[in-house]
Structure formats: structure tokens, C-alpha cells
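Good morning, and thank you for coming. I would ask you to look at the model on the screen while I describe selected parts of it.

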Amino acid sequence: MTPRTWLITGVSSGFGHALATRLLERGDRVVGTVRTPDKVTSLLEKHPDTFTAPVLDVTDTAAVRKTVDESFAGGRVDVVVSNAGYGLFGAAEELTDAQVDHIIATNLTGSITLIRAALPHLRAQGGGRIIQLSSYGGQVAFPGNSAYHATKWGIEGFAEAVAQEVAGFGIGVTIVEPGGARTEFRYGSARVADLMDAYDGTPAHAFQAMLDPAGGLAPGDPQRMAARIIESADAEPAPLRLVLGSQALDSTIDVLRRRIDGFESQRELAASTDFPPGE
């Protein structure tokens, strides 16, 4: 297999780190952005010729564009992986304006900026692949996760529209929807609001059990998930969505079926707002 070049945001931990490690071990080249370079020291030492780790805060839109431009200036980039992001937990009322602004700037605006910055380069080189890390939380909503869901539902709509815009240029877009996995997302990097007693014992605080490893570890294996994400880059045509984890798939199907049932029940209501035929 001819080695490929991947641009991946957020390779310090989680899926980003798992992807970068696997790709480098098989001989691919990786440009992996980080917030703290010391977290990828071992990868830099082991793969000095095929791994670079530019420091990037994806909330800095100018820096995102600069990093993308510099990455493509070094030659063809085959796959762009928008991975940087984090979870924010707490009832909507418990979140501060700053917390909401930051998660939107990171998970949503940062991803949009990365993709928009990459598109002209991908068109110029005759194609490529965009992989957007989302979550089954981009289809399923849970209490205590409202701001996170807002970013994932938002980026999924953006990516699905972009996929249709750029398919004619040979650019494929895949939205990855992992279920719960044993990564720092759940057990290290998760951010929690200043919780209010009023929500204790309500569904809004049910996430606390999920974040506690003592309550049972997540079923998803990040290494197996990373392998499936990498394999998706070879699929033709690019799969629009890739659900990872049986629990995630079951939950998504259940929610979508109930959503369709709800829509079907509104056929008469929806039609009642149309002009009568001929008018």
C-alpha cells in the first residue's frame, strides 16, 4: 500500500492518539496537532521522519487556516481528520456563557473552520477524504449533555451538506459516530459544570455515574474503533456515517424509529397547512 499523509487534529489522547499511532506504525505520514507537545514526545522520537506535531488551538480560526495551509504546502494530504473536541456535562441551566461559547468554538466552529480551510486544497489536488469525528450523540440526545449535543448535531448537518457539495470533486466525507469508549473523553478530559442541588436525583445528573469508572467501564475499544476509522478511508464511495459500537447502533436505531413514528403521525397535520390543490 502506498503511504498516505493524514492531517489529524487533537492527537494528544483518545481517538486522535490511537489513529496517529496506528498510521505511523504502518508507514503513513501524520501531521497531528496538539495543545501540549510533551504528550506526543514518544511518537516524535519514534517517527521523526513521518510525524510532525504542530501546536494548535482549534478555537483560533486564523491558526487553523495557517496550519492547514502549511500542511498542504508540504505535499498532498490524503485524509483530513477533524477530531479535536471534548465533552461538557451539566444541565443547561448550570452551564456558564463562557462554557457554552468555548465548546461551540472547539467542537463546532473549529471543525467547520478546519474543513473549510482544507476544501480548496483538496479540490486543487483532485480529491481526498474528510473524516469528521462526531458521536452517536449526534443522533441521540441525553439530559445533562445539551451543549455537547448542540455541537455534534450541528457539525453533522454541516458535514452532510458539504458531502453533497464536494462529491463531484472526488472528495469524500465520513461522519464517525462512536459510542462510549475507554478514552480520556470520558475518564479524563470531560468538563463538568458547577452543579446545582436542584438537579440532584434528576436525569440531568445521571451522567455522574457514567463518568465514574467504578460504575463500569465503557464498552468501546478505542483501538478497534481507530482501526475501523482508518479502513473507512479506503471504502468507495465514502460512507456518509460510520457508527462504532453495538450499544451506539442499537440506541441510534431505536431513537430514529421513534422519530419516524412521530413524523408519520403528523401527516394529516402537515398537509393541513398546504394551499389546497390548484390554488
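Y136 has a relative accessible area of 14%, so it is buried; buried means under 20% relative accessible area, exposed means over 50%, and partly exposed lies in between, with a 1.4 Å probe and protein chains only. F142, at 37%, is therefore partly exposed. The ring centres of Y136 and F142 are 5.9 Å apart and their planes stand at 65 degrees, so this pair is edge-to-face. Rings of Phe, Tyr and Trp (its six-membered ring) pair if their centres lie within 6.5 Å; planes under 30 degrees apart are stacked, over 60 edge-to-face, and the rest tilted.

Before I continue, please note that this is a predicted model, in which local features need pLDDT of at least 70 and side-chain atom pairs count only at pLDDT 80 or more, while totals for chains, interfaces and linings use all residues. Residues are numbered from 1 along each chain as its sequence is written, and side-chain values use heavy atoms, with hydrogens and water left out.

How many aromatic pairs does a search of the whole structure find? The answer is two. F89 and F207 form a stacked pair, with 5.4 Å from centre to centre and 25 degrees between the planes. This pair links distant parts of the chain, since F89 belongs to strand β5 (residues 88-89) and F207 to helix α7 (residues 207-211), 118 residues apart. Helices (H or I, at least four residues) and strands (E, at least two) are DSSP runs, numbered from the N terminus. F89 is buried because its relative accessibility is 2%, and F207 is buried at 5%.

Let us turn to the strands. On β1 (residues 5-8), both faces are covered: T5 and L7 on one side, and W6 and I8 on the other, are all buried. β1 pairs with β2 (residues 29-32) in the parallel sense over four bridges; two strands pair if DSSP finds at least two bridges between them. The chain passes from β1 through helix α1 (residues 14-25) to β2 in a right-handed β-α-β crossover: with the strands pointing away from the viewer, the path from the first strand over the helix to the second runs clockwise. β1 also pairs with β4 (residues 79-82), in the parallel sense, over three bridges, and I8 stands opposite V81 there.

Finally, consider α1 itself. Its buried residues include F15, L19 and L23. Just after α1, G27 adopts a positive phi of about 105 degrees.
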